[in-house]
Amino acid sequence: MLTVKSFEFSPIQENTYILYNEFNNAMIIDPGCYFDGEKETLADFIDKMKLTPKMLLNTHCHLDHVFGNKFVAEKYGLTLRIHEGEKKVLEFAPASGLMYNMPFDNYNGAFDFIKEGEVIDLDNDSLEALFTPGHSPASLSFYNKKDGFVIGGDVLFRQSIGRTDLPGGDLDTLIESIRTQLFVLPDDTKVFSGHGPVTTVGYEKRNNPFLM
Ligand SMILES: [Zn+2]
Ligand SMILES: [Zn+2]
């Protein structure tokens with residue numbers, strides 16, 4: 001079973017997720033820790049829970065989701081896993097950071113690219129990489145069928161959807177991604193978004209004004 005722990009980091013209020021299992025092995029998704037104190041908060045949780053981080057994943061590579069990539073990769077000896085189509089987004093993130101007055105050191109290690117539909121295993125648990133572009137050119141949503149949740153990045157929010165005005169964004173593509181990749185999941189599937197509170201597929205089908 002995977003337990004989902006979330007943190008809200010940076011002035012952009014991004015949700016960082018640690019998923020961990022009964023063997024204390026963990027995956028870190030979208031580490032948005034910007035300030036040193038936030039990096040400590042993340043590391044302290046991992047220490048306190050005696051977790052071993054085995055994987056570092058990004059749903060997509062907008063700056064708020066990648067601030068802590070370098071810290072996590074170096075501290076735990078991990079290789080960043082993203083969809084190849086997000087590499088150019090990651091390369092642009094430091095310039096974007098300067099525009100937002102939030103300079104940071106970008107991840108500069110190797111990549112382990114994730115293909116759409118790929119199943120990522122952590123012991124007895126797995127995440128399926130659903131291809132959900134539209135907010136970002138190659139956003140992935142990580143679906144765990146067994147425990148009924150998806151880590152969706154900035155694709156779908158509680159009663160809202162991701163912005164589509166950034167490079168590589170497209171509204172029709174985003175709506176299509178939500179309808180064909182997320183709204184086909186069981187209604188009680190929890191959606192852990194990149195910002196804001198957790199929601200469910202069923203709740204968004206009934207209450208999301210962008211998808212009615
Ligand atoms: Zn984003
Ligand atoms: Zn975001």
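Which residue's side chain meets that of Arg163 in a salt bridge? In this predicted model, the partner is Asp165, and the N to O distance between the two side chains is 2.8 Å. The legends below begin with that pair and then turn to other close-up views.

**View 1. A salt bridge joins the side chains of Asp165 and Arg163.** Asp165 counts as exposed because its relative accessibility is 55%, above the 50% cut-off. Arg163, with a relative accessible area of 41%, is partly exposed. Side chains of opposite charge can pair when their charged atoms come close. A search of the whole structure finds 7 salt bridges, and two further views show others from the model.

**View 2. Asp112 and Arg81 meet through their side chains in a salt bridge, at 3.2 Å from N to O.** Asp112 belongs to strand S6 and Arg81 to strand S5, so this pair ties together parts of the chain that are 31 residues apart in sequence. Arg81 counts as buried at 11% relative accessibility, whereas Asp112, at 35%, counts as partly exposed. A network of salt bridges links Arg81, Asp112 and Glu118.

**View 3. Within helix H4, Glu91 and Lys87 lie 4 residues apart, which is about one turn of the helix.** The two residues form a salt bridge in which the closest N and O atoms are 3.1 Å apart. Glu91 is exposed, with a relative accessible area of 51%, while Lys87 is partly exposed at 28%. Helix H4 also holds Met99, an exposed residue with a relative accessible area of 62%. Together with Phe92 and Tyr100, Met99 forms a nonpolar patch on the surface, and the accessible area of the three residues together is about 350 Å².

**View 4. The zinc ion (ligand 1) is coordinated by His60 (NE2), His62 (ND1), His135 (NE2) and Asp154 (OD), at 2.1 to 2.4 Å.** The arrangement is irregular because the 4 donor atoms subtend angles of 88 to 171°. Along the sequence, the donor residues are spaced H-x1-H-x72-H-x18-D. Distant parts of the chain are linked by the pair His62 and Asp154, which are 92 residues apart: His62 is in the loop between S4 and H2, and Asp154 is in the loop between strands S10 and S11. His62 is buried at 11% relative accessible area, and Asp154 also counts as buried, at 4%.

**View 5. The zinc ion (ligand 2) is coordinated by Asp64 (OD), His65 (NE2), Asp154 (OD) and His195 (NE2), at 2.1 to 2.2 Å.** Asp154 bridges this ion and the zinc ion (ligand 1), which lie 3.5 Å apart. His65 lies in helix H2 and His195 in the loop between strands S13 and S14, so the pair ties together parts that are 130 residues apart in sequence. Both His65 and His195 are buried.

**View 6. In helix H3, which spans residues 69-76, the buried residues are Asn69, Lys70, Val72, Ala73 and Tyr76.** The elements that cover these buried residues include strands S3, S4 and S5 as well as helices H1, H2 and H4. Tyr107, from the loop between H4 and strand S6, counts as buried at 9% relative accessibility. Among the residues that Tyr107 touches are Asn69, Lys70 and Ala73. Helix H3 is followed by Gly77, whose phi is positive, near 65°.

Definitions and conventions: Residues numbered from 1 in each chain as written. Chains lettered and ligands numbered in written order. Predicted model: local features only at pLDDT ≥ 70, side-chain atom pairs only at ≥ 80, totals over all residues. Heavy atoms only, no water. Buried < 20%, exposed > 50% of the residue type's maximum accessible area, 1.4 Å probe, protein only. Helix = DSSP H or I, 4+ residues; strand = E, 2+ residues; numbered from the N terminus. Contact = heavy atoms within 4.5 Å. Patch = residues over 30% accessible without salt bridge, like charges linked within 9 Å, V, L, I, M, F, W, Y side chains within 5 Å. Areas by Shrake-Rupley, 256 points an atom, 1.4 Å probe, with all protein chains shown as cover. Salt bridge = Lys/Arg side-chain N within 4 Å of Asp/Glu carboxyl O. Donors = N, O, S within 2.8 Å, 3.2 Å for Na, K, Ca; no water. Tetrahedral: all angles 85-135°; square planar, octahedral: opposite > 155°, others 65-115°. Lists of a residue's contacts leave out its neighbours within four places in sequence.
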